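Please look at the sequence and the structure below before reading on. The briefing that follows sets out selected features, grouped by topic.

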There are 2 protein chains.
Amino acid sequence: MRDFSADHRWLSLNTATVRKQGDLVQIIEACARHGIRAIDPWRDQVAGVGLDRAVRAIGDAGLELSGYCRGGMFTSDAARRREVRDDNRRAIDEAKALGAPCVVLVVGGLPQFSRRGSTPSRDIGAARAQVEDAIAEMLAYAGEVGMPLAIEPLHPTYAADRACINTTRQALDICDRLDPGRTGLLGVALDVYHIWWDSEVLSQIARAGKDRLLAFHVCDWLVPTKDMLNDRGMMGDGVIDIRALRAAVEAQGFCGYSEIEIFSNAWWDQPIDDVLRTCIARHRTVV
Amino acid sequence: MRDFSADHRWLSLNTATVRKQGDLVQIIEACARHGIRAIDPWRDQVAGVGLDRAVRAIGDAGLELSGYCRGGMFTSDAARRREVRDDNRRAIDEAKALGAPCVVLVVGGLPQFSRRGSTPSRDIGAARAQVEDAIAEMLAYAGEVGMPLAIEPLHPTYAADRACINTTRQALDICDRLDPGRTGLLGVALDVYHIWWDSEVLSQIARAGKDRLLAFHVCDWLVPTKDMLNDRGMMGDGVIDIRALRAAVEAQGFCGYSEIEIFSNAWWDQPIDDVLRTCIARHRTVV
């Protein structure tokens with residue numbers, strides 16, 4: 001297991017962590033001030049400054065990417081399927097332009113939440129089938145341009161409205177069906193927030209192996225959690241044994257960035273430099 | 001599958017659903033007014049009126065019980081283990097006095113939340129091992145008096161603070177290890193709120209079979225959910241395909257009560273007769 005205590009070489013910042021404090025260019029400047037070497041930007045933040053300007057700012061700062069957030073939201077009614085497909089192809093094109101190593105997929109829950117206006121449904125089994133079909137279709141395009149797709153299983157709390165893939169096992173089952181040859185084009189993005197509770201998580205990480213482990217995200221689970229979406233904790237402030245999970249992915253040969261992604265009303269209220277200083281300190285002491 | 005549309009013969013009221021509106025005797029009187037034939041009372045509500053008075057009120061009203069809530073909260077530090085054991089034995093004794101068919105077990109999460117004052121831990125694996133040991137111990141006493149124990153897997157949202165058994169598979173794995181002979185003394189209490197998201201739920205219900213299906217609870221999952229604990233929905237107001245889950249348990253031969261358990265700040269603010277009228281209407285139309 002790598003020693004993170006001496007520096008933050010392997011810290012990547014998911015830019016949603018400071019989305020309220022500035023635009024993507026300002027976030028990149030802040031990363032440069034703090035010696036952060038990688039980011040994972042969100043599509044809306046890239047769009048906010050324009051793709052070309054984002055590409056230039058990332059290049060000028062010498063930043064690497066640890067992923068691109070996000071593709072997915074595949075579930076919809078029939079009228080919106082082409083829109084969904086085209087939207088996800090654009091995500092791949094943008095990821096390519098930005099030099100991202102993968103597109104992170106948040107797959108969508110029930111169609112009425114994934115693509116607003118879709119006919120409401122309570123059939124989560126149908127949603128799951130639709131997700132798998134859509135990933136298969138997206139994977140064909142991803143293969144043409146060489147852009148890996150990382151399925152992110154989301155905590156079951158988000159099954160209805162954000163992602164109906166809720167365990168590492170489920171995500172890997174899809175990977176094995178759609179990419180039995182382990183081409184490197186399909187894998188998982190594992191965020192400790194979403195997987196820490198799962199009694200099978202360690203065995204599923206072993207099953208994934210290095211080929212399928214495309215991204216590793218950290219934050220913490222607070223008790224109590226005051227908001228279902230935007231009360232994630234800074235590493236060390238909650239109950240997750242983060243180091244045990246990092247040890248498990250590294251035991252499989254994962255050697256990429258440890259990406260900090262915190263959706264938090266509390267941290268969004270803090271000055272960006274304070275947030276980044278805390279991220280770096282916690283990366284060295286508890287990640 | 002049973003037809004619930006004509007009456008509410010198989011409706012049971014978990015008394016937490018109206019815990020803010022009156023004491024247990026007042027709740028029992030309200031059930032009598034509405035022709036509700038079964039309840040599942042909570043220990044604190046029984047203690048609030050006294051066990052003897054609760055036994056008399058239930059008998060006088062001719063009510064059956066669909067369970068007794070709750071035993072468990074097994075996780076603690078070493079200093080509290082005897083207290084935990086004795087507390088759970090008292091739960092069994094009370095259940096016996098009340099004529100309950102089973103004690104529902106909410107097993108506890110990390111020790112500092114399960115039994116306040118316990119030494120904090122992030123080791124959920126250790127918590128799970130402790131839970132299994134404690135259920136084994138409790139089962140020996142339950143066997144002496146003939147009181148079945150129903151492990152309730154709780155939604156992963158509660159893994160840290162309420163229950164580290166979070167899937168039907170996990171609960172059944174424990175049942176199979178501790179009661180391989182399927183004596184009827186150990187099984188599961190399945191609440192649609194906790195299990196609806198699980199991609200394995202239907203196959204695990206089939207695995208459980210009639211022997212292990214000791215209780216079936218209903219409410220609904222609201223989107224958005226505004227409070228992690230106390231924003232559960234009335235059946236029909238959320239996204240759960242309740243009837244599909246009831247069909248699955250009944251396909252295994254389950255023929256007990258459909259127990260309504262709603263923790264909801266919104267419904268606790270309503271008059272008790274309005275809540276019960278709505279429960280009955282929804283039981284007939286969407287359960």
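A residue is buried if 20 or more other C-beta atoms lie within 10 Å of its own, exposed if 12 or fewer do, and partly exposed in between, with C-beta atoms placed from the backbone. Helices (H or I, at least four residues) and strands (E, at least two) are DSSP runs, numbered from the N terminus. This is a predicted model, in which local features need pLDDT of at least 70 and side-chain atom pairs count only at pLDDT 80 or more, while totals for chains, interfaces and linings use all residues. Residues are numbered from 1 along each chain as its sequence is written, and chains are lettered from A and ligands numbered from 1 in the order in which they are written.

**Strand β1 of chain B**

- In strand β1 of chain B (residues 11-14), B:Leu11 and B:Leu13 point one way, whereas B:Ser12 and B:Asn14 point the other way.
- All four of these residues, on either face of β1(B), are buried.
- Two strands pair if DSSP finds at least two bridges between them; β1(B) is joined by three bridges to strand β9 (residues 258-260) of chain B, and the two run parallel.
- Within that pairing, B:Ser12 has B:Glu259 in β9(B) as its bridge partner.
- β1(B) also pairs in the parallel sense, over three bridges, with strand β2 (residues 38-40) of chain B.
- Here the bridge partner of B:Asn14 is B:Asp40 in β2(B).

**The sheet of chain A**

- Chain A holds an open sheet of nine strands with parallel pairing, in the order β3-β2-β1-β9-β8-β7-β6-β5-β4.
- Its edge strands are β3 (64-65) and β4 (68-72) of chain A, each of which pairs on one side only.
- Strands β5 (residues 103-106) and β6 (residues 149-151) of chain A are parallel partners over three bridges, and A:Leu105 has A:Ile151 in β6(A) as its bridge partner.
- Helix α4 (residues 81-98) of chain A packs on the sheet and touches β3, β4 and β5 of chain A; its direction makes about 160 degrees with that of β4(A), where axes are lines fitted to C-alpha atoms, for helices over the stretch in contact, and angles run from 0 to 180 degrees between N-to-C directions.
- Helix α10 (residues 242-251) of chain A also packs on the sheet, touching β7 (186-191), β8 (213-218) and β9 (258-260) of chain A; its direction makes about 170 degrees with that of β8(A).

**Core and contacts**

- A nonpolar core is a set of buried Ala, Val, Leu, Ile, Met, Phe, Trp, Tyr and Cys residues joined through C-beta atoms within 7 Å.
- The largest nonpolar core has 188 residues, of which A:Val103 and B:Val103 touch the most other members.
- Two residues are in contact if their C-beta atoms, placed from the backbone, lie within 7 Å; leaving aside neighbours within four places in sequence, the contacts of A:Val103 include A:Tyr68, A:Ile92, A:Met147 and A:Leu149.
- The contact between the chains takes 23 residues from chain A and 23 residues from chain B.
- On the side of chain A that touches chain B, 12 residues are nonpolar, six polar and five charged; Ala, Val, Leu, Ile, Met, Phe, Trp, Tyr, Cys and Pro count as nonpolar, Asp, Glu, Lys and Arg as charged, and the others, Gly among them, as polar.

**Backbone exceptions**

- Most residues other than glycine have a negative phi, and most peptide bonds are trans.
- A:Met73 is not a glycine, yet has a positive phi of about 45 degrees; A:Met73 lies in the loop between β4 and α4 of chain A.
- Why does A:Met73 count as buried? A:Met73 is buried because 23 other C-beta atoms lie within 10 Å.
- A:Ala79 is found in the loop between β4 and α4 of chain A, and A:Ala79 is exposed because 11 other C-beta atoms lie within 10 Å.
- B:Arg182, which is not a glycine either, has a positive phi of about 50 degrees and is placed in the loop between α7 (168-178) and β7 (186-191) of chain B.
- B:Arg182 counts as partly exposed because it has 14 C-beta neighbours inside 10 Å.
- The peptide bond from A:Val223 to A:Pro224 is cis, with omega near -5 degrees, and A:Pro224 is in the loop between β8 and α10 of chain A.
- In chain B, a cis peptide bond joins B:Val223 and B:Pro224, with omega about -5 degrees.
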